[in-house]
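Thanks for asking me to look this one over.

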Amino acid sequence: MRFEKPVALRYIAQLINAELVGNTEAKATGINEIHKVEEGDLVFVDHPKYYDACIQSAASFIIINKKVDCPEEKALLVVNDPFEAYQTIVEQYRPFAPSMKLKSDTASVGEGTVIMPNVYIGNEVRIGKDCIIYPNVTILDHCVIGNNVVIQAGTVIGSDAFYYNKKTDRSVHYKKMKSCGRVVIEDFAEIGAGCTIDRGVSGDTLIGEGTKMDNMVHIGHDTAIGKNCLFAAQVGIAGATTIEDNVILWGQVGVSKTLTIGKDAIVLAQSGVPSSLAGGKTYFGYPAEDASVKRRELVWIKRIPELWKKVMEKKE
Amino acid sequence: MRFEKPVALRYIAQLINAELVGNTEAKATGINEIHKVEEGDLVFVDHPKYYDACIQSAASFIIINKKVDCPEEKALLVVNDPFEAYQTIVEQYRPFAPSMKLKSDTASVGEGTVIMPNVYIGNEVRIGKDCIIYPNVTILDHCVIGNNVVIQAGTVIGSDAFYYNKKTDRSVHYKKMKSCGRVVIEDFAEIGAGCTIDRGVSGDTLIGEGTKMDNMVHIGHDTAIGKNCLFAAQVGIAGATTIEDNVILWGQVGVSKTLTIGKDAIVLAQSGVPSSLAGGKTYFGYPAEDASVKRRELVWIKRIPELWKKVMEKKE
Amino acid sequence: MRFEKPVALRYIAQLINAELVGNTEAKATGINEIHKVEEGDLVFVDHPKYYDACIQSAASFIIINKKVDCPEEKALLVVNDPFEAYQTIVEQYRPFAPSMKLKSDTASVGEGTVIMPNVYIGNEVRIGKDCIIYPNVTILDHCVIGNNVVIQAGTVIGSDAFYYNKKTDRSVHYKKMKSCGRVVIEDFAEIGAGCTIDRGVSGDTLIGEGTKMDNMVHIGHDTAIGKNCLFAAQVGIAGATTIEDNVILWGQVGVSKTLTIGKDAIVLAQSGVPSSLAGGKTYFGYPAEDASVKRRELVWIKRIPELWKKVMEKKE
């Protein structure tokens with residue numbers, strides 16, 4: 001999330017009740033998660049395991065629960081509970097303020113775009129030119145839709161991330177991380193009917209130019225889909241994953257979180273992808289493997305009874 | 001289903017044209033299915049295999065197609081077709097009477113709850129305090145939503161059970177069992193976008209306190225989900241199943257009907273659960289088994305070619 | 001797609017800038033794809049591999065990119081790009097003309113049918129008698145719903161086919177084939193909540209009489225479902241497939257395109273069907289096979305360690 005204009009770090013320190021250490025005179029331009037931070041961004045970390053990664057990242061300002069060394073051009077904001085500090089910042093700069101109109105006053109829609117009945121368009125949504133948005137679609141706050149995009153009926157763009165922190169010491173077992181990111185859909189993309197695309201937690205969920213999705217496809221938060229991909233019906237992709245250009249996923253494929261599927265890869269129907277796949281090949285099964293290897297494996301399984309027989313014969 | 005007030009059994013016998021045997025002066029408080037009945041309830045049974053279970057159940061009054069022995073404090077309502085008798089009672093006490101308003105006059109919504117545009121709220125629906133109901137959600141008759149519940153866009157609460165009786169002797173091949181149950185969602189539960197939760201046939205479908213569901217999760221009729229469960233996207237759970245507290249189901253897991261998954265169990269992505277699973281363990285595959293056993297199985301499959309080679313070598 | 005009245009072939013040749021060869025005085029009654037064409041229809045073909053099939057099909061008029069021999073009662077419309085010619089005809093005879101009303105003026109709804117709030121009903125839609133259409137359903141142009149049909153909340157009928165032509169030589173990578181077909185749902189069918197049924201590309205997607213679908217079922221374009229089928233939740237069926245009468249598909253089953261599942265077949269939960277299945281049997285697994293064979297296979301896999309041990313013992 002970008003702030004509308006840079007905010008003095010001192011002001012943020014005050015807001016979250018933090019001790020400010022380092023470059024105290026700086027201004028922050030936004031807040032983001034470790035994989036997406038840029039210079040000027042705030043990031044938060046509450047586990048020593050990730051201290052170094054955060055301090056070495058592009059982020060300029062680290063909300064942290066311990067005073068540690070940090071480069072002098074950066075700053076630490078030391079608090080007891082960085083997660084709560086993050087929530088406070090989101091509440092301040094991107095508060096939940098639901099629009100009660102079908103089309104929010106702050107949304108914009110380009111020339112030639114057709115918005116059919118019963119479509120909800122939230123605050124600050126931007127829709128480009130020559131799009132078709134079918135009935136009963138929901139486009140939530142801050143999402144950005146390019147030109148010549150088709151979104152079929154009943155689809156939801158910008159639902160909250162499925163992202164919870166476990167709080168065993170509290171009345172609330174799981175505490176939701178507030179989503180302040182966006183969904184960005186590039187030109188010529190087409191989204192089928194009954195799909196759901198979650199917004200980024202603090203970054204963007206991206207659907208690349210020319211990518212086409214069939215019905216009931218689910219895309220998790222902060223996932224980046226390349227250009228000209230094809231996803232068949234009922235594909236599900238978890239959060240913070242990267243799908244490169246021209247990837248084809250056939251029906252009901254499931255893809256786990258924070259992995260990468262390389263350019264031009266094809267994953268056959270119903271396969272499950274638990275870890276990264278190199279580009280340019282065809283995969284199949286669970287866990288998804290080179291399809292020819294996996295097909296041979298199915299043949300081998302069918303030969304077990306024969307093998308058993310051979311072994312038994314020799315026993316005699 | 002509870003009746004608004006207790007109904008004289010004689011009146012019900014007349015309604016369904018039944019011969020009344022046993023405690024003829026009693027009053028019935030509701031009607032329910034065998035797994036959920038309580039004292040004062042009607043239940044129906046049309047197969048001799050289940051006669052005993054129904055008569056021994058907590059139900060006080062049994063709609064049945066044969067005059068059999070029964071405890072004297074109970075009563076039988078003997079009819080030719082108990083299924084049709086059940087349908088008649090549902091039509092009488094919970095008739096289909098669709099509301100033609102976005103929010104029915106008989107629905108109630110608690111303080112602090114945000115209902116976004118295009119949400120349908122049916123008859124007698126009760127929604128608690130401080131909930132957020134996103135656009136294009138449908139909440140059908142009699143459903144109950146607690147406090148601090150979030151329901152994301154496009155979700156359907158209270159769709160009919162997928163429950164049909166085969167009628168080979170009729171023009172209609174499958175006859176739908178009328179759903180008169182409810183969906184009850186407890187405090188702090190969160191339901192993702194594009195989910196569907198079916199109402200109970202005559203009991204309740206229950207979503208326990210603090211349980212969180214990602215997008216496109218399907219929950220069947222009369223299923224009871226415990227507290228603080230996590231269900232990832234595209235999970236499907238069939239009818240009349242019990243999921244105990246803190247269970248985690250990863251993406252695209254499928255769970256069959258009328259089984260139990262024990263407390264703290266974890267089922268890994270794309271697994272299929274055809275029968276009950278003990279709590280406290282991690283499961284994987286189809287049929288879902290202890291994940292470490294199943295992972296070893298995958299390794300064993302990869303060793304078949306080597307095994308084949310060993311056997312062939314020894315042949316020579 | 002049927003034209004409203006027969007159109008002179010000469011007029012169509014002019015529209016798509018084609019050289020007309022053969023029976024030039026004829027009139028065309030519609031346009032359809034090779035599997036569904038009838039006498040009087042146009043069909044298009046752009047690959048020599050399919051020239052013969054198209055010329056021998058029931059179609060009377062072939063839009064083609066080469067002048068070849070054809071029976072004298074038929075005609076060829078020779079163009080450079082048959083795909084583009086097809087698009088031009090669709091644009092002319094079934095242009096995208098979205099209705100901006102919840103219920104289009106050209107839609108008809110039969111007596112006794114209940115249309116609940118927030119339902120969208122497009123141009124020329126015909127809905128029969130005594131149906132129930134639940135809230136937030138979308139029924140798009142030209143779809144036909146029979147009598148006594150139930151469509152549960154949030155479902156989409158008539159979304160576009162997922163059908164793209166690859167155009168590597170253009171700015172647009174994938175070019176969408178315009179869908180001009182329909183969805184036809186016969187009497188007594190019931191469609192669950194959150195389902196999506198795509199229209200045919202140029203033919204019909206058919207849901208047979210008395211067929212019942214649970215929630216989140218996806219049916220691809222031009223697929224024909226027989227009578228009295230049962231599909232459990234989250235089933236997905238790709239395009240141009242034929243499912244015969246009384247077929248039962250359990251939860252999360254996936255079915256590939258252009259295949260046939262025979263009458264009375266049962267496919268168990270989570271199975272994948274990549275090729276045709278004979279009727280009357282029960283199938284399981286991926287690829288779906290006779291369920292008893294597949295179950296035995298699971299037992300054989302469990303015996304690999306024992307087999308390994310036997311082989312090793314004999315080595316010593």
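**Notes on the model**

1. Let's start with the sheet in chain A. Eight strands form an open sheet there, ordered E9-E12-E15-E20-E23-E26-E29-E32, and their pairing is parallel. Strand E9 (120–121) and strand E32 (272–273) of chain A are at the edges with a single partner strand each, so one side of each has no neighbour in the sheet. For the terms, strands (E, at least two residues) and helices (H or I, at least four) are DSSP runs numbered from the N terminus, and two strands pair if DSSP finds at least two bridges between them.

2. Before going further, a word on how to read this. The model is predicted: local features need pLDDT of at least 70, side-chain atom pairs count only at pLDDT 80 or more, and totals for chains, interfaces and linings use all residues. Residues are numbered from 1 along each chain as its sequence is written, while chains are lettered from A and ligands numbered from 1 in the order in which they are written.

3. If you want a residue pair to look at, Val255(A) is opposite Val273(A) in E32(A). As background, strands of a sheet pair through backbone hydrogen bonds, either parallel or antiparallel.

4. Chain C has an open sheet of eight strands in the order E9-E12-E15-E20-E23-E26-E29-E32, with parallel pairing. Its edge strands are strand E9 (120–121) and strand E32 (272–273) of chain C, and each pairs on one side only. Further in, strand E12 (residues 138–139) of chain C runs parallel to strand E15 (residues 156–159) of chain C, with two bridges. Ile139(C) has Ile157(C) as its bridge partner in E15(C).

5. Strand E1 (residues 2–8) of chain A pairs with strand E3 (residues 27–31) of chain A in the antiparallel sense over three bridges, whereas E3(A) and strand E4 (residues 41–45) of chain A run parallel and are joined by two bridges. Gly30(A) takes part in both: Arg2(A) stands opposite Gly30(A) in E3(A), and Asp41(A) in E4(A) is the bridge partner of Gly30(A).

6. How is chain A divided into domains? The assignment, which is automatic or from a database, gives domain 1 (2–93) and domain 2 (108–228). Taken over C-alpha atoms, their centres are 27 Å apart. Domain 1 of chain A puts eight residues into the contact and domain 2 of chain A puts in six; here, residues are in contact if their C-beta atoms, placed from the backbone, lie within 7 Å. Helix H3 (residues 82–93) of chain A gives the largest share of the domain 1 side, with four residues.

7. Now the interface between chains A and B. Here 34 residues of chain B are in contact with 37 residues of chain A. On the chain B side, helix H5 (residues 304–315) gives the most, with five residues.

8. The largest nonpolar core has 204 residues, and those with the most contacts inside it are Val267(A), Val267(B) and Val267(C). Such a core is a set of buried Ala, Val, Leu, Ile, Met, Phe, Trp, Tyr and Cys residues joined through C-beta atoms within 7 Å. Leaving aside neighbours within four places in sequence, the contacts of Val267(B) include Leu249(B), Trp250(B) and Tyr283(B).

9. Finally, some backbone details to check. The peptide bond joining Tyr286(A) and Pro287(A) is cis, with omega about -10 degrees, and Pro287(A) sits in the loop between strand E33 (282–284) and strand E34 (289–290) of chain A. The bond from Tyr286(B) to Pro287(B) is also cis, with omega near -10 degrees.

10. Two residues other than glycine have positive phi: Glu124(B), near 65 degrees, and Asp222(C), near 65 degrees. Is each one buried, exposed or partly exposed? Glu124(B) is partly exposed, with 16 other C-beta atoms within 10 Å, whereas Asp222(C) is buried, with 28. The cut-offs within 10 Å are 20 or more other C-beta atoms for buried, 12 or fewer for exposed, and in between for partly exposed, with C-beta atoms placed from the backbone.

Definitions and conventions: Two residues are in contact if their C-beta atoms, placed from the backbone, lie within 7 Å.
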